[in-house]
Amino acid sequence: MTHFSALSLLRHALGGNKKWEEQWPNSEPKAEYDVIIVGAGGHGLGAAYYLAKEHGITDVAVIEKGWLGGGNTGRNTTIIRSNYLYDESARLYDHALDLWEGLSQELNYNVMFSQRGVMMLAHSVHDVQSFQRHVHANRLNDVDNRWLTKEEAKAYCPPLDISQTARYPVMGAALQKRAGTARHDAVAWGYARGAAARGVDIIQNCPVTAIRSDATGAVEGVETPRGFIKAKKVAVSAAGHTSVVMDSAGVRLPLESYPLQALVSEPVKPIFPCVVMSNTVHAYISQSDKGELVIGSGTDQYTSYSQRGGLPLIEHTVAAICEIFPIFNRMRMLRKWAGIVDVTPDRSAILGKTPVQGLYVNCGWGTGGFKATPGAAHTLAWTVAKDEPHPINAPFTLERFTTGRLIDEAAAAAVAH
Amino acid sequence: MLLIHCPYCDETLPEAEFAYAGEAHIVRPDNPADVSDEEWRDFLFIRNNLKGPHYERWRHIHGCGRFFNAVRNTVTDRFLTTYRAGERRPDPESLPEDGQ
C-alpha cells in the first residue's frame, strides 16, 4: 500500500502522476470466509478494517450490491456531532467523535474532518428550554456543547438573520465546537484501502439475496448471484435494505425505510463558516470545501425504497433556509437526491447480536448514521470478534423493544439527526 | 409529488393534502394485558417494511379528514389502489399491474 505523504505526492507529481497504484482490488468471492459483512458503506468497511487491525481477523469479505460507498455513505450531508441527550447515545456518538479526530492519521487518508462547529438554532421558548437542557446533560456527560445568545450566534455565523422581523426569530443557539463535517466518500475509501491492505476482500456489484442458517439455527453463509458463500459469522450493515436482508434469516426488525433527501447549490466562494441546524423549521445547511451549500432536512412522510423522494419536502426545506438566511435567496440549486434510511421507533440504532447464532446487525441509524461511522464500526467489530456486546454498544440491543428499555431520542430531542 | 385518490371524496389530489399514517391492517389485541411481551412488541414496533406492494394508511387531513387504506408500490411509489377503512384488504392478485 502506498504511504501518502508530502514526499510521495511530490515524487508522483514529478513522474507525471502516472504510477499511482490501485488503492484496493475488486475481489472475486472465495468459497468461504470467517466473517462476511453485508454492505460496503462506511459502517461495513470500517467494521472490516477494525476486525483486521484490532482483532487479527483478516479472512473477511465485505459484499456490496452496488458500488462501494454508493448508498447512504455517499448521500448524506456529512454532519458530525455528538450532542445527544441520553447517556447511552452520548457515549456512543462521543466515542465516534474521538475516533473522527484521529481518523485521517489512523488511515493515512485525508477524510477532511473539519471541526467547524455545529450550531442548533432556538426559535421558541420551548426550543430554548429544551436546548439548554441538552447543554446541561451534555456537559454532565463530558460532551462539548454550550449556549449562545443570538448575538453570539450571529458573530459565529454572520449570514444568520437575527432581526425581530424574521419569519423565524432566533432566540439563541446551542453550539458544539468539536462537531463539524468530513468528506463522506473519503471515509469509505480510506476504510476500504486500510481493510484491503490487511487482506479483506471487497466484493462489489454482488447483492446478498438471502442469509442461510443450518439445522441448529446458526448462520451458515449468504446466497448471492455468484453462488453461495460460506461464513462462520455474518454482520449486516445494509441501512435502508436491512429489513429485506434480515427477513431472509427469519429476523423481523422494528424498522421502517424512508427516503431522506439532500440538495446542493452551485459552488460559491467561502461564505458559510459552520454547520447550522434548525429543528423547529427543520432544515440544516453547511458549505462544502468545493463551495456548494449542502442542504438537508427530515425524511419524506411515507416509507419508500425509491431513492428519489418528493418535491414538497424540498420546497419546505429551501423555504426555511431562505427565511433564516435571506442572503441565499437567489442561489441556484444544482442537484438533489435521496438515500433510504432505516428508522427505529425510538430513533436509536440497533447494534449487536440477533436471535440467530453468528448473525449480527448494525442498523436503525435513521437520518444520523454518518456521524457514528467510526464508533459503530469499531464497536461492531468488537461484538463480531468476541461474540459479546462492547460496553458502548451494549444498550443498543434488539431486546430493548421487548423489555421496553428504549433509548428514546425521538421523544427527548425531536430533532433532525 | 404523489397523486392520491381519496375513496371518500372520490377525487385524486396532491400529496400535500394527505398525511401518511403507517402500515395498515395491524390489529390491536382485544385485551393487551393478556398478550406476551413478544406479541406486544410485534404489535407496537415490528413492521413488514416491504419492498414492493405495501398496505398502508393515509389520512385526508386537508380534505374530509378521514383515514383510508392504500396499496402502494414502495419501489416506484405508484398507488395501486385506495379503499375505505374497514373494507377487506384487496387480494394481491386483484391489484392492477404497476405502471398502469
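How close do the axes of α2(A) and α6(A) come, and at what angle do they cross? Bear in mind while you look that this is a predicted model. The two axes come within 8 Å and cross at roughly 30°. Angles under 35 degrees count as roughly parallel, so α2(A) and α6(A) are roughly parallel to each other. Their crossing is left-handed.

**Stop 1: α2(A) against α6(A)**

Select Gly42(A), Leu45(A), Gly46(A), Ala48(A), Tyr49(A) and Tyr50(A) on the α2(A) side.

Keep Tyr49(A) and Tyr191(A) on screen. A search of the whole structure turns up 18 aromatic pairs over all chains. In the pair made by Tyr49(A) and Tyr191(A), the ring centres are 5.6 Å apart and the planes sit at 55°, so this pair is tilted. Tyr49(A) belongs to helix α2 of chain A and Tyr191(A) to helix α6 (residues 184–197) of chain A, so the pair links parts of the chain that are 142 residues apart. Are these two tyrosines buried or exposed? Both Tyr49(A) and Tyr191(A) are buried.

**Stop 2: α2(A) against α9(A)**

Stay with helix α2 (residues 42–55) of chain A and bring up helix α9 (residues 373–386) of chain A. Their axes come within 7 Å and cross at roughly 55°. That angle makes α2(A) oblique to α9(A). The crossing here is right-handed.

For the contact, pick these two sets:

- From α2(A): Gly42(A), His43(A), Gly46(A), Ala47(A), Tyr50(A), Leu51(A), Glu54(A) and His55(A).
- From α9(A): Thr373(A), Pro374(A), Ala376(A), Ala377(A), His378(A), Leu380(A), Ala381(A), Trp382(A), Val384(A), Ala385(A) and Lys386(A).

By class, the residues of this contact split into 11 nonpolar, six polar and two charged.

**Stop 3: α2(A) against α3(A)**

One more partner for α2(A). At what angle do α2(A) and α3(A) pack? The angle is about 75°, with the axes 14 Å apart. The range for roughly perpendicular is 65 to 115 degrees, so α2(A) and α3(A) fall into that class.

Select Tyr49(A), Tyr50(A) and Lys53(A) from α2(A), plus Leu99(A), Leu103(A), Glu106(A) and Leu107(A) from α3(A). The classes in this contact are five nonpolar, no polar and two charged. Tyr49(A), in this contact, is also the ring that pairs with Tyr191(A).

**Stop 4**

Now follow chain A into the loop between α3 (87–107) and β4 (118–122), where you'll find Asn108(A). Check its backbone: phi is positive, about 50°, although Asn108(A) is not a glycine. Most residues other than glycine have a negative phi. Asn108(A) has a relative accessible area of 17%, so it counts as buried.

**Stop 5: across to chain B**

The geometry is edge-to-face, with 5.4 Å centre to centre and 70° between the planes. Phe401(A) is buried at 3% relative accessibility, and Phe45(B) is buried at 16%.

The loop between α1 and β4 of chain B also holds Asn49(B). Its phi is near 50°, a positive value in a residue other than glycine. With 4% relative accessibility, Asn49(B) counts as buried.

While you have both chains up, select Tyr302(A), Tyr20(B), Trp58(B) and Phe79(B): ring pairs link them into a cluster.

**Stop 6: Thr77(A)**

Finish in chain A, in the loop between β2 (60–63) and β3 (79–80), with Thr77(A). This threonine is buried, at 9% relative accessibility. What does Thr77(A) contact, leaving aside neighbours within four places in sequence? Show Ala262(A), Tyr284(A), Ser286(A), Val294(A), Ile295(A) and Gly296(A) around Thr77(A).

Definitions and conventions. Residues numbered from 1 in each chain as written. Chains lettered and ligands numbered in written order. Predicted model: local features only at pLDDT ≥ 70, side-chain atom pairs only at ≥ 80, totals over all residues. Heavy atoms only, no water. Axes fitted to C-alpha atoms, helices over the stretch in contact; angles between N-to-C directions. Helix = DSSP H or I, 4+ residues; strand = E, 2+ residues; numbered from the N terminus. Parallel < 35°, antiparallel > 145°, perpendicular 65-115°, else oblique. Left-handed = near helix turned anticlockwise from the far one by under 90°. Contact = heavy atoms within 4.5 Å. Nonpolar A, V, L, I, M, F, W, Y, C, P; charged D, E, K, R; others polar. Phe/Tyr/Trp six-rings, centres within 6.5 Å; stacked < 30°, edge-to-face > 60°. Buried < 20%, exposed > 50% of the residue type's maximum accessible area, 1.4 Å probe, protein only.
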